[in-house]
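Biologist: I would like to learn how to read a structure like this one, feature by feature. Could you take me through it slowly?

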Amino acid sequence: WRLAGDAAFAFAPEQVLAPREYLVVAARPALLLAAYPGLSAAKVAGPFDGALDNGGGKVALIDAGGAGIDSASYDDDFPWPIEADGYGTAPWRGASLERLCADAHASLVANWLASPPDGATPGAANSLVTCDLPPCVLSLETSPAAPGAPIEVTAHLSEPVAATDLRLAYFAKRRHDDLFNPEAVDFTAEDDHYVAALPAFEADTWVRWRIERLTEDDWVMLAPRAGEPREQPWFALFVPPPAAPAMPAYHLFLAPEDWAAIYKNALDGRAIGDTVLDSWDATVPALFASGDRAFDVRVRFQGSQWQRAGGYDATAAFGCEGPADFLPARLLSFRIGFPKYDQFRGRKALILNKQHDWGTADFRFHGLQTRTGFRLFQAAGVAAPDTRFARLRINGCDFHVVLEIERPDEEFL
């Protein structure tokens with residue numbers, strides 16, 4: 001017998017497994033045994049050839065006659081359990097992707113859940129074993145969000161359920177002090193999918209939504225899945241204002257107290273003596289949008305210890321919610337970090353550099369030399385970051401023009 005697909009391994013002819021007995025095939029057996037001290041070396045085989053890609057792949061079990069016995073194609077994105085994508089606290093552990101029922105085919109997304117954080121069980125039964133597979137959402141689609149227009153949500157499920165047992169819960173905000181007042185609309189069944197419509201919203205509205213299912217006498221989350229490592233247990237979308245043709249717009253929904261916190265962090269500086277302050281690169285939660293697509297992000301200011309806190313004070317001209325504690329709304333550079341389960345154009349972070357001088361509101365294309373230089377490198381066939389100018393809007397108001405610079409990280413390389 002052997003494994004095929006992204007992991008290739010031939011089992012020894014004398015290898016025998018009794019019913020309900022387990023064998024772990026590891027890429028690096030010694031590392032696995034070190035991470036799980038209670039695991040017996042007799043239950044570990046390997047190494048296998050190839051690699052299980054973090055972004056998804058396929059594994060198949062082939063018998064001695066060459067017939068396929070079982071196979072699974074997994075992924076690290078919705079609708080698969082995203083918490084199994086390396087989330088955890090212990091080195092080399094994290095959450096594991098676990099099969100619920102050996103009698104149900106491994107290709108079924110509903111047949112897989114994530115283990116508890118750092119709670120994988122190599123060499124033993126999975127933490128949850130059941131053949132009563134819960135329904136799950138296999139795909140989601142939303143119609144484009146525009147001011148004054150309803151937003152249609154279409155869901156495909158792993159199995160039919162009564163439309164009356166589904167609802168679309170949501171709440172909307174334009175300001176951070178708007179009340180949390182969730183509401184719900186019903187789904188209707190249409191052929192092999194379910195459809196619900198969110199009401200029309202004004203421009204610059206942030207909408208949180210999720211699908212819930214009635215079980216006995218209570219509504220429970222169906223999508224996102226319960227336990228996923230999200231900032232909030234909701235999806236998000238944004239209703240953008242009419243687009244200006246000059247340059248793309250990015251939108252940030254940043255709570256006043258969080259805006260104040262990252263500004264204070266920048267003022268505190270990078271270090272005291274030789275000790276780097278934890279606050280220097282500390283981030284706060286926010287929502288980011290491009291068009292109608294919204295992302296839960298972590299943000300901070302960007303720049304060196306000499307430049308991070310320096311920028312023009314635009315408080316008087318800024319008409320929306322600014323930093324708390326009467327701190328100024330300075331035009332500064334931002335670093336916006338995206339969760340690995342929902343990245344922006346495949347990027348982990350977005351760098352938005354300020355384009356203004358310290359003491360004047362006059363616009364200065366400080367990034368023009370940078371953008372021109374990188375374009376010249378690219379024209380000469382030399383790898384260089386992509387750049388573009390964009391309008392940054394915060395809490396519903398135009399804030400300033402920024403230069404987006406691609407980070408020279410592993411994606412770039």
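Modeller: Let us start with a group of rings: Tyr250, Phe288, Phe295, Phe338 and Phe344 form one aromatic cluster, where rings of Phe, Tyr and Trp (its six-membered ring) pair if their centres lie within 6.5 Å. This is a predicted model, in which local features need pLDDT of at least 70 and side-chain atom pairs count only at pLDDT 80 or more, while totals for chains, interfaces and linings use all residues. Residues are numbered from 1 along each chain as its sequence is written, and side-chain values use heavy atoms, with hydrogens and water left out.

Biologist: How many aromatic pairs does a search of the whole structure find, and how are the rings of Tyr250 and Phe288 placed?

Modeller: A pair of aromatic rings is described by the distance of the centres and the angle of the planes. The search of the whole structure finds 21 aromatic pairs. For Tyr250 and Phe288 the centres are 5.3 Å apart and the planes stand at 50°, so the pair is tilted, given that planes under 30 degrees apart count as stacked, over 60 as edge-to-face and the rest as tilted. This pair links distant parts of the chain, with Tyr250 in strand 19 (residues 249-253) and Phe288 in strand 22 (residues 284-290), 38 residues apart; strands are DSSP runs of E with at least two residues, helices are runs of H or I with at least four, and both are numbered from the N terminus. The rings of Phe288 and Phe295 are also tilted, because their planes are at 50°, with centres 6.2 Å apart.

Biologist: Is Phe288 buried or exposed?

Modeller: Phe288 counts as buried, because its relative accessibility is 0%; buried means under 20% relative accessible area, exposed over 50% and partly exposed in between, with a 1.4 Å probe and protein chains only. Tyr250 is buried at 1%, and Phe295 is buried with a relative accessible area of 1%.

Biologist: Which residues of helix 2 are buried, and what do they pack against?

Modeller: An α-helix has 3.6 residues a turn, so residues three or four places apart point the same way. In helix 2, the buried residues include Pro256, Trp259, Ile262, Tyr263 and Ala266. The buried residues of this helix pack against several strands, among them strand 22 and strand 23 (293-301), where contact means heavy atoms within 4.5 Å. Just after helix 2, Gly269 takes a positive phi of about 85°.
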